[in-house]
Amino acid sequence: MHQKLKSVLWIGSCVALIALAAWGIHALRKGQSHGFYIVGKAPAFCLTDQHGQHICNKDFEGKIWVVDFFFTSCPTICPVMTSHMVAVQNAFADYSIGIASFSIDPEVDTPEVLQTYAQEKGVRSPHWHLLTGDEKEIYRIANEGFNIYAKAGDSPENFEHSGLFALVDAQGNIICRKEKGKPILFYNGMTPEGIAMLIEDIKKLKQ
């Protein structure tokens, strides 16, 4: 009887240790995706792309995708951002990743204007959607959904927006790498170094 009790206690201890180990692994993994830091969930949206198609966040489900905010008449950082996004597109010959470029000047950037811009800038992937729609909704997506700053202006020179790119995994998490133990949150869409980091991290996600 005493031996049986010892056996029961030993088994119980083993089960407790396994449960504790599982909890510890879960705690370590919480807030991470594929080894990357989870910034948060990508916001829900439904807008119109350069082909006049209705595109929602659900259309990116199961796909790695990249996000930026721009406008076609932007005289400053947008041409650099777009050329760098083309480099991201071209880094994956199978066009397997998605790209969502949100116009922050939707009144001007109609689907027709976006289509012309796409052709001029080298947009080739069927999964790169230049998006337009309700202005308030787009600014909600930028400032609240992705936490990427954007502010409307009364002329192209007066618009304000960030040159940052967001990376979203196939589960809809906004993710990033860590540098020196701290999450970078977003990728610098203005520098070759930032784009190299982004491409490298997409390749890791695809493995």
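A crossing of two helices is called right-handed if the near helix is turned clockwise from the far one by less than a right angle.

**Close-up 1. Helices α2 and α5 of this predicted model cross in a right-handed way.** Helix α2, which covers residues 78-90, packs with helix α5, which covers residues 192-206, at an angle of about 25°, and their axes lie 10 Å apart. Because angles under 35 degrees count as roughly parallel, α2 and α5 are described as roughly parallel to each other.

**Close-up 2. Residues of α2 and α5 make the contact between these helices.** On the α2 side the contact is made by His84, Ala87 and Val88, while α5 contributes Pro192, Ile195, Leu198, Ile199 and Ile202. Sorted by class, the contact of α2 with α5 holds seven nonpolar residues and one polar residue, with no charged residues.

**Close-up 3. A disulfide joins Cys46 to Cys56.** A search of the whole structure finds one disulfide, and in the bond between Cys46 and Cys56 the distance from S to S is 2.0 Å. The torsion about this S-S bond is about 110°, so the disulfide is right-handed. Cys46 belongs to strand β3 (residues 46-48) and Cys56 to strand β4 (residues 54-56), so the pair ties together parts that are 10 residues apart in sequence.

**Close-up 4. Cysteines are shown here with their relative accessibility.**

Definitions and conventions
Residues numbered from 1 in each chain as written. Predicted model: local features only at pLDDT ≥ 70, side-chain atom pairs only at ≥ 80, totals over all residues. Heavy atoms only, no water. Axes fitted to C-alpha atoms, helices over the stretch in contact; angles between N-to-C directions. Helix = DSSP H or I, 4+ residues; strand = E, 2+ residues; numbered from the N terminus. Parallel < 35°, antiparallel > 145°, perpendicular 65-115°, else oblique. Contact = heavy atoms within 4.5 Å. Nonpolar A, V, L, I, M, F, W, Y, C, P; charged D, E, K, R; others polar. Disulfide = S-S within 2.5 Å. Buried < 20%, exposed > 50% of the residue type's maximum accessible area, 1.4 Å probe, protein only.
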